[in-house]
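This report goes through a single protein chain, from its overall make-up to a few individual residues. The sequence and the model come first.

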Amino acid sequence: MHIYRYTNEEATNHPHIYPVLFDSFIKGMELLFVYLIILATISGDTLASDPDLLQDVCVADFASGTKVNGIPCKDATNITAADFFFDGLAKAAVPNNNPFGVVLTAAFVNQIPGLNTMGLSLARAYFAPGGLVTPHTHPRATEMVFVLEGILDVSFITTSNVLVSKTVKKGEVFVFPRALVHFLKNNSDKPAAVLAAFNSQSPGVQSVVPSLFGATPAVPDDVLTIAFQTSTEEVQKIKSNFAPKN
């Protein structure tokens, strides 16, 4: 589209063009506003995950006293191969003493300092028959699980309270969208295991029930009785299951 630009002399000699100029200005501002909205949307999606690297690596320096949004980098001269290595996922775990029948082995930035600013991490979960990963969320990551063995029933709940469920078996993959409540259960009589991938070095986890009934300081009983439409006695009974163990 060609835009004719009026000179000051033309504008003075032809005052009728001022409404045209004003209309063009308004349309230009509208286009600029739309562009800024699109840019903000794209930027918001981009910044919704871990920040990108600004150097080759940024091995986490847990000894640093500096407080940043993440973990400060170790001096590059002190980096070793051990910063990028972890053998914990290779070791089989048996969920014998876990009340939910599940053992989780994480490979997050705390286990692999070299993951700092890389925007990914892994975990491996072992399920006894009947084992359950209770309803929880990962506020900083989407999760993808790959079934290593067995059969699992997996589900997540949308913000419209729609339950999305699927039975997955060895070799299959399922995705839990970021921050949505989800859970996994082994309803078979055989063990199961999954490998989980996250698009964050530290996805975070918040279990729904312990967060509400085991918080410190405690969530007031009257809040929970109203929220769950139950009695104070029932709330206190559930809280007792999540009281700190001495």
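A residue counts as buried when its relative accessible area is under 20%, as exposed when that area is over 50%, and as partly exposed in between. The model discussed here is predicted.

**Overall make-up**

The protein chain holds five helices and 10 strands. Of its 246 residues, 28% are buried. The accessible surface of the protein chain comes to about 16200 Å², and carbon and sulfur atoms supply 62% of that area. Among contacts in the protein chain with a separation of 6 or more, 66% are between residues 24 or more positions apart.

**The disulfide**

The count of disulfides is one. It joins Cys-58 to Cys-73, with the two sulfur atoms 1.8 Å apart. The torsion about the S-S bond of Cys-58 and Cys-73 is about -95°, so the disulfide is left-handed. Cys-58 and Cys-73 both lie in the loop between α2 (18-46) and β1 (102-107), so the pair ties together parts that are 15 residues apart in sequence. Are the two cysteines buried or exposed? Cys-58 has a relative accessibility of 2% and therefore counts as buried. Cys-73, with a relative accessible area of 40%, is partly exposed.

**Packing of α4 and α5**

Helix α4 (residues 221-228) packs against helix α5 (residues 232-241) at an angle of about 110°, and their axes are 9 Å apart. The angle makes α4 roughly perpendicular to α5. On the α4 side the contact involves Asp-221, Leu-224 and Thr-225, which meet Thr-232, Val-235, Gln-236 and Lys-239 in α5. The residues of this contact divide into two nonpolar, three polar and two charged.

**Two buried strand residues**

Phe-198 belongs to strand β9 (residues 192-198). Its relative accessible area is 6%, so Phe-198 is buried. Leaving aside residues up to four places away in sequence, Phe-198 touches a set that includes Phe-108, Leu-120, Leu-122, His-138, Glu-143 and Pro-203. What separates Phe-198 from Phe-108, in sequence and in space? The two are 90 residues apart in sequence, and the C-alpha to C-alpha distance is 9.2 Å.

Thr-137 lies in strand β3 (residues 132-137). With a relative accessible area of 12%, Thr-137 is buried. Its contacts, again without residues up to four places away in sequence, are Ala-179, Leu-180, Val-181, His-182, Gly-204, Val-205 and Gln-206.

**Backbone features in loops**

Ala-179, one of the residues touched by Thr-137, has a positive phi although it is not a glycine. Asn-161 is likewise not a glycine and has a positive phi.

Another backbone feature concerns a proline. The peptide bond from Thr-216 to Pro-217 is cis, with omega near -5°. Pro-217 is in the loop between α3 (208-213) and α4, and α4 is the helix that packs against α5.

Technical notes
Residues are numbered from 1 along each chain as its sequence is written. This is a predicted model: local features need pLDDT of at least 70, side-chain atom pairs count only at pLDDT 80 or more; totals for chains, interfaces and linings use all residues. Side-chain values use heavy atoms; hydrogens and water are left out. A disulfide is a pair of cysteine sulfur atoms within 2.5 Å. Helices (H or I, at least four residues) and strands (E, at least two) are DSSP runs, numbered from the N terminus. Buried means under 20% relative accessible area, exposed over 50%, partly exposed in between (1.4 Å probe, protein chains only). Contact means heavy atoms within 4.5 Å. Accessible areas come from the Shrake-Rupley method with a 1.4 Å probe; for residues, only the protein chains shown count as cover. Axes are lines fitted to C-alpha atoms, for helices over the stretch in contact, and angles run from 0 to 180 degrees between N-to-C directions. Angles under 35 degrees count as roughly parallel, over 145 as roughly antiparallel, 65 to 115 as roughly perpendicular and the rest as oblique. Ala, Val, Leu, Ile, Met, Phe, Trp, Tyr, Cys and Pro count as nonpolar, Asp, Glu, Lys and Arg as charged, and the others, Gly among them, as polar.
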